[in-house]
Amino acid sequence: MEEESDIQTTPRGFYCRLCNANIPNKPSLDEHVKGRKHKTLSTVRATRKTQEQHSVFVSGFEKATSQTDLAEYFQQFGQVAEVIMDKSKGVYAIVQFCETDGTQAALSQVEHQMKGLKLRVKPREKKDFKLIPKKKPNFKNLQQVLERLRPELCQTESVKEQMQWVVERFELGENEKKARGLLVQLLQEVFTEFFPDSQIQPFGSSVNTFGIHSCDLDLFLDLENTKVFQAHAKSTTEQAGEGTSDDGRSEDSILSDIDLSTASPAEVLELVATILRKCVPGVQKVQVVGGARLPVVKFHHRELDLQGDITLNNRLAVRNTRFLQLCSGMEARLRPLVYTIRYWAKQRQLAGNAGGAGPLLNNYALTLLVIFYLQNCEPPVLPTLDQLKDMACEEEECVIEGWNCTFPSQAIAVPPSKNTQDLSTLLAAFFSFYAKFDFSSSVLSIREGRALPITSFLSQAKEEEEKAREETAEAMQEEQPCKPRHRGPKLGPLNILDPFELSHNVAGNLTERAQQRFQRECLEADKYCRSLQYQRKSAKGKSWGLVRLFTPQGEGGPPRGKAEDGAPEKELTISLPFKSAVLPEALRNQLHTAGDSFRLLWFQRVCSAVVEVFENVLKCSPASSSDPVFGDDLADAMDTSACLNTSANSSGDEADASFDEGSPQDKATVGAKRPLSSDGSDASVSPRGKKPRLGKPKPHSLCWTWTQRHVVWARRRKVRRELVKETDSRQEGSNVELETQVTEHIVGTEPEVKEPVEFMVQSQLMGGTQSTRAVLKIQPANDREGIFQDFFHFLEVFLPKMVDTLMERE
């Protein structure tokens, strides 16, 4: 009955009160009810309801009363599962029993007395379960903060001074650092009582020189020495043969509740959470997050209004912190750049994941992007990690979990950079560097200071799996434990290898949309940094420099595909980015073998998929003159690989221009102006040290002309639901056979349009000096019915999904 009351009928469909979601129709409602979110919330609500039935509300006890005191008293009525104290005031508690019998027994007793005080015991208040949505960043508040910063920023004399002022405004103050240090000391004293010889080590923003106000306090609880202590104490006790329990543990030992050598991380974290709740004053909202990449205990310190995290087995994070400290010590320009770019990214909604998880960039990834850029300046501002490793002495050698983490401990051991560019130039060149960077086909390596080709990682999973299988078989024959192997990084739209843990992509959470927005914002910032508004202070007191860079731009302009009066009509394009994650294993291996020519092979497969969508799925007819046109290299590759299975005959028309693929590893002179091409000059030749110019030479391209005689984009959802007997949860465009049946049904039941729509599709391969992708330019050749715009809007969503589906096939 409760689940039925969750769904309400509305004029526009249905509304789910539990999930706070609007559903358009009955099939979608069925999918929603069977979905993970609805099921999870239903389970949580049932659990909360059970907890309410098993709990009583208790008040009237002394403030010094502990959870153990209450548990011991109420144990006489039934087994107590948990006691939740009000730690802020200490005037009430929730006592939860394992069974409802305990609850009834406690409520049936007329009077309760503990330590001479009369307790007030009543049923726990029952509250309606309500979903509390995650807090989203309030960008209006960010704009208000910028308005307060504007006067000070505008009064400075240069962009360099503005960047230095941003650091002073946002960095952690000395009092904040001292308060965090005192909290670390308190936690060290408490945990030492329970875990002898343990160490609490802070890492992350609080100590890596890039911290801001109210940043989290990240802590690593090192228990290695405690394990040695416990093992020694256990062996000593066994030899003495006294004071031991049945399982051989010392009854007097503070570690008698757990054996660290055999306990799982989850068990240890639960004990850590219990210590925080009961023994650390001011700590509240303690929560164990076991599903994270690294399990963590989260807590909040009331007096400091500070969020903290405690992790185990996280030595690499501590080493990363030392590396960032070294970088900021080597180069004074790093901190102003990082603080400025972080704030810019936050203002542009490129960073700032709520709750620490989300599809946006995190601060660590942004910092590594800055470091990678500075490694690729000419001359470099920062050395690579491999170069730093060679500068370290023998005493500084460090290997953690099989990863080489060696670098000098002091910045004085590193020679100063020969790069003399000022902060203003470096900031502008940062945006120029990433505005047209080929993210989709590159893996950024801080260790080597260059972009590694993604093809090097495409077949790693299979090779590692085979090696792991061989080593496991050998270990079984020799009866020895097999060594753990490091898996390859999770590839995505933006790939940044952790400096030490080379199997971790620190930007693996980033979505394709977020990566495209980051690159688009870099392009806009690059254009702005070339203007006088960025370079010169306004004599009239107007916004200039970083102020305009930090100000979010208002959305506007003519609608897509519509031209202003007297302006040429805007091109209609659909972008198909390179996605390594959706490629089948066989194609990944082929791209890996192709090496630097992988873009061409991938482009051929994409074109083949595009042809299949238009001809077989959407039933478009190739025009009589639809002969594909392509460049020299593509024609040769088409003849040799025969990857394009088009129905149109290849004419072999060759373009005069060849395609020169640039490499993301090519180092350009950062911040320098581009030379203007003159008439008669060879535009295909780039100056030495420069990346190839876009536009000339022409990239690989293919061109088709198609005719559509039916409105196949209308009523697809309705026809699709009619064709499937059961609810199909797959999105439109995710099933080739089904979408083909939908088109055939529409073609068979709907009349042809009076004037068929004829359109031309030109596919171009972009890459090298920008993200690898295929760009489809679609232009109407005959649209007397005026329906091409609707067809194009349908293709914008449908075509990329269908191409991804076809590419996923072996």
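This passage walks through a predicted model of a protein chain, from its overall make-up to a few local details. Local features need pLDDT of at least 70 and side-chain atom pairs count only at pLDDT 80 or more, while totals for chains, interfaces and linings use all residues. Residues are numbered from 1 along each chain as its sequence is written, and side-chain values use heavy atoms, with hydrogens and water left out.

To start with the big picture, the protein chain has 26 helices and 23 strands. Both kinds of element are DSSP runs numbered from the N terminus (helices are H or I with at least four residues, strands are E with at least two). Of the 810 residues in the chain, 44% are buried. Here buried means under 20% relative accessible area, exposed means over 50%, and partly exposed is in between, using a 1.4 Å probe and protein chains only. Contacts (heavy atoms within 4.5 Å) were also counted: among those in the chain with a separation of 6 or more, 68% are between residues 24 or more positions apart.

Next comes helix H25, which covers residues 736-749. Its 14 residues reach 20 Å from the first C-alpha to the last, close to the 20 Å expected at 1.5 Å a residue; that expected span is 1.5 Å times one less than the number of residues. Val 736, Leu 738, Glu 739, Thr 740, Val 742, Thr 743 and Ile 746 are the buried part of H25. The buried residues of H25 pack against helix H22 (598-617), helix H24 (716-723) and helix H26 (788-808).

Aromatic rings come next. A pair of rings is described by the distance of the centres and the angle of the planes. Rings of Phe, Tyr and Trp (its six-membered ring) pair if their centres lie within 6.5 Å, and planes under 30 degrees apart count as stacked, over 60 as edge-to-face and the rest as tilted. The structure holds 36 such aromatic pairs. One of them joins Phe 430 and Tyr 434 edge-to-face, at 5.1 Å centre to centre and 70° between the planes. These two residues are 4 apart in helix H15 (residues 423-435), so about one helical turn separates them. Phe 430 counts as buried because its relative accessibility is 0%, and Tyr 434 is buried with a relative accessible area of 0%. Tyr 434 also pairs with Phe 518, this time tilted, at 6.3 Å centre to centre and 55° between the planes. Since Tyr 434 lies in H15 and Phe 518 in helix H18 (residues 512-529), the pair ties together parts that are 84 residues apart in sequence. Ring pairs link these residues into a cluster that includes Trp 344, Phe 372 and Tyr 373.

Charges can sit over rings too (NZ of Lys or CZ of Arg within 6 Å of the ring centre and within 35 degrees of the ring normal). Arg 319 lies over the face of Phe 407, 4.0 Å from the ring centre, and the charged end of Arg 169 sits over the ring of Phe 170, 5.4 Å from its centre.

Finally, His 300 is found in strand E12 (residues 296-301), and it counts as buried at 13% relative accessibility.
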